[in-house]
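Let's take a walk through this one together. Have the viewer open, and we'll go from confidence scores to helix packing and then to a pocket.

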Amino acid sequence: MSKRVLVVEDDMVLLFFIKKMVDGLGHNVVATARSAEDAIANAKQSDPDIILMDIRLLGQMDGIEATSEIHKFSKARVIYISGNSDPRYFERAKQTNMHAFLVKPVSTEMIREAIDRLN
Amino acid sequence: MLSRLYSTITRSGVSAALDESLSDKIITRNRLAFFCAFFSSLYLLYFISNRLVLPSVGISISIILFVLSIIYNRRHKIGFSALIILIATNYSVLSTSLIFGFGSGFHLYLLTSPLIIYVLFDFKRSVYNIMAIMSYCLTFIVVFFADKNYHYHVYDLSSSQSEFFYIVNFIFAIVILIVLFLYFMFNNRSVNSLLVRKNQALLAQQSVLRTEIEQRSKAEERLSGLLKEKEILLSEVHHRVKNNLAVISGLVEYQTLTAKEGEQMMALLEHKNRIKSIALLHEKINLEAGEAKIKMDACINELLRYIALTLNFKTNGITVNTKMDRFDLGMEKALALSLLINELFSGAGRASAKKIKDCVIDLEIKIEGNKAVLRYNDNYHWLFWEENSQNSFSNGLVEVLSGQLNDEGFTIDAENSVFKIEFSIL
């Protein structure tokens with residue numbers, strides 16, 4: 001079943017590739033964002049089922065803080081995609097009721113597996 | 001001339017190498033011995049002029065003892081010198097009192113004994129002080145009872161002679177008492193001024209130390225700032241490397257969306273896995289340990305999970321059994337090992353592409369001392385199964401990467417499809 005996906009990634013090229021992978025899996029990318037502030041605003045506006053969230057973002061807030069804010073008004077499931085699996089980040093991410101934590105570089109299969117586990 | 005002689009005698013035993021307080025102690029004792037010898041000499045002159053042989057001998061022994069104490073001070077044996085002065089003062093009072101009787105007033109010199117003890121011994125050494133006081137008390141008791149109870153004395157002095165001695169001894173005793181008292185007053189002032197000087201020197205040192213501490217703390221702050229900057233820079237560079245690898249991987253991934261199934265697709269997937277092999281090392285590297293080391297067991301397990309996902313091991317019925325000891329490697333060897341394992345497992349993808357079913361792969365890495373032994377085994381003989389295997393891209397990579405791990409390369413058991421390599425983990 002097609003899901004509504006919000007992709008949050010600071011790197012424009014990676015954002016493009018992740019969007020393509022999600023599209024390729026047959027899901028609908030309803031919005032994208034490169035900063036935490038945009039992610040919160042877009043999550044409010046587009047009400048996604050799934051958020052693919054990078055941890056390092058443009059601006060002061062990071063992806064984990066953005067997720068905490070989003071969870072105040074949204075029930076979207078969060079899959080972190082990060083270049084850093086440092087235990088400190090991982091522990092913080094775990095506290096935001098995350099669904100999965102993927103380490104870059106991600107493949108279509110990794111995203112597919114993580115989304116499939118939601119069902 | 002006399003003042004130089006006095007100075008030479010009183011400063012006998014004092015040198016620049018000595019501690020200031022010890023020098024003061026020696027000078028004080030020399031002065032005491034000198035004055036005692038001087039007063040004794042006046043008596044000696046009087047006894048000689050009156051042809052009193054026994055008192056002359058007795059007082060001469062006292063003078064010798066006082067001079068002896070100065071000699072010992074010169075040799076820095078100040079404890080022994082103090083003991084000699086104690087004996088000499090007791091002996092002088094005892095001998096003269098026993099010769100001339102209690103009425104002669106020689107015992108009046110015992111009035112000076114507290115100040116003499118103060119000169120000779122430290123207040124902290126209470127045992128010495130008590131023993132010295134007791135010695136003077138004993139002398140007084142002996143002198144008193146010898147004359148009063150046993151009427152013992154060598155010379156019977158007439159009442160006028162007795163009165164003369166009593167007055168002279170009384171005056172001399174008082175003079176010595178005053179001199180010693182004044183000396184202590186002066187000495188206390190000089191000790192105070194010495195303390196003030198030392199205090200000032202300490203304050204100056206304290207100020208120098210405070211400045212030094214401030215400078216050090218500023219330097220430390222600067223260094224810690226620089227270190228933090230470098231850490232941030234390193235972390236940023238590291239993040240950039242990982243992001244760039246993710247971009248390259250994304251590029252390959254994107255190309256797979258338009259690639260045809262078959263060899264072209266397989267080549268792209270293998271490249272993606274190679275990029276992941278490198279990216280994982282950057283992910284797992286421990287930069288905090290000072291020396292960049294990578295936990296290889298965790299890294300390889302994650303790589304195998306990724307390869308299994310990319311090459312659809314589950315769907316294609318490929319089973320992987322791993323057995324690995326824990327070990328760390330530096331970046332260079334870790335890179336070679338990670339890529340080597342990727343190449344070995346890529347064969348499984350090619351096997352599945354050729355519709356070979358029920359593949360089983362065993363990977364074992366055992367640590368034996370400073371050496372790791374890698375053993376790869378599969379049941380589809382990929383190393384020799386491929387056509388022109390010697391010239392294949394993957395086999396060429398296996399050779400190069402093995403050579404990087406161990407100059408002697410690897411061994412192959414063709415019959416059982418076993419690949420084996422040993423390499424140092426140092």
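What pLDDT does chain B average? This is a predicted model, and chain B comes out at an average of 85, with 95% of the residues scoring at least 70. For the complex, the predictor gives an ipTM of 0.78 and a pTM of 0.58.

Now for some helix pairs in chain B. Two packed helices are described by the angle between their axes and the distance between the axes, so those are the two numbers to look out for. Start with helix H3 (residues 53-74) of chain B and helix H4 (residues 78-100) of chain B: the axes sit 8 Å apart and the packing angle is about 170 degrees. Angles over 145 count as roughly antiparallel, and H3(B) and H4(B) are therefore roughly antiparallel to each other. If you color the contact of H3(B) with H4(B) by residue class, you'll find 17 nonpolar and eight polar residues, and no charged residues.

Move along to helix H5 (residues 113-120) of chain B, which packs against helix H6 (residues 126-148) of chain B. Here the angle is about 150 degrees and the axes are 10 Å apart. H5(B) and H6(B) are therefore roughly antiparallel to each other as well, and their crossing is right-handed.

The axes of H8(B) and H9(B) cross at roughly 155 degrees and come within 10 Å, which makes H8(B) roughly antiparallel to H9(B). The crossing of H8(B) and H9(B) is right-handed.

So where do H8(B) and H9(B) turn up again? Look at the second largest pocket, which holds about 810 Å³ of space. It is lined by 26 residues, and the closest to its centre are Met110(A), Glu113(A), Arg305(B), Tyr306(B) and Leu309(B). Two or more lining residues each come from strand S5 (100-103) and helix H5 (108-116) of chain A, and from helix H8 (263-284), helix H9 (296-310) and strand S3 (319-324) of chain B. H9(B) gives the largest share of the lining, seven residues.

Notes: Residues numbered from 1 in each chain as written. Chains lettered and ligands numbered in written order. Predicted model: local features only at pLDDT ≥ 70, side-chain atom pairs only at ≥ 80, totals over all residues. Heavy atoms only, no water. 1 Å grid on protein atoms, 1.4 Å probe; cavity = no way out; pocket = protein on both sides within 12 Å on 5 of 7 lines; lining within 4 Å. Points joined across faces, edges and corners; volume = space filled by probe spheres on them. Helix = DSSP H or I, 4+ residues; strand = E, 2+ residues; numbered from the N terminus. Axes fitted to C-alpha atoms, helices over the stretch in contact; angles between N-to-C directions. Parallel < 35°, antiparallel > 145°, perpendicular 65-115°, else oblique. Nonpolar A, V, L, I, M, F, W, Y, C, P; charged D, E, K, R; others polar. pLDDT = per-residue confidence, 0-100. Left-handed = near helix turned anticlockwise from the far one by under 90°.
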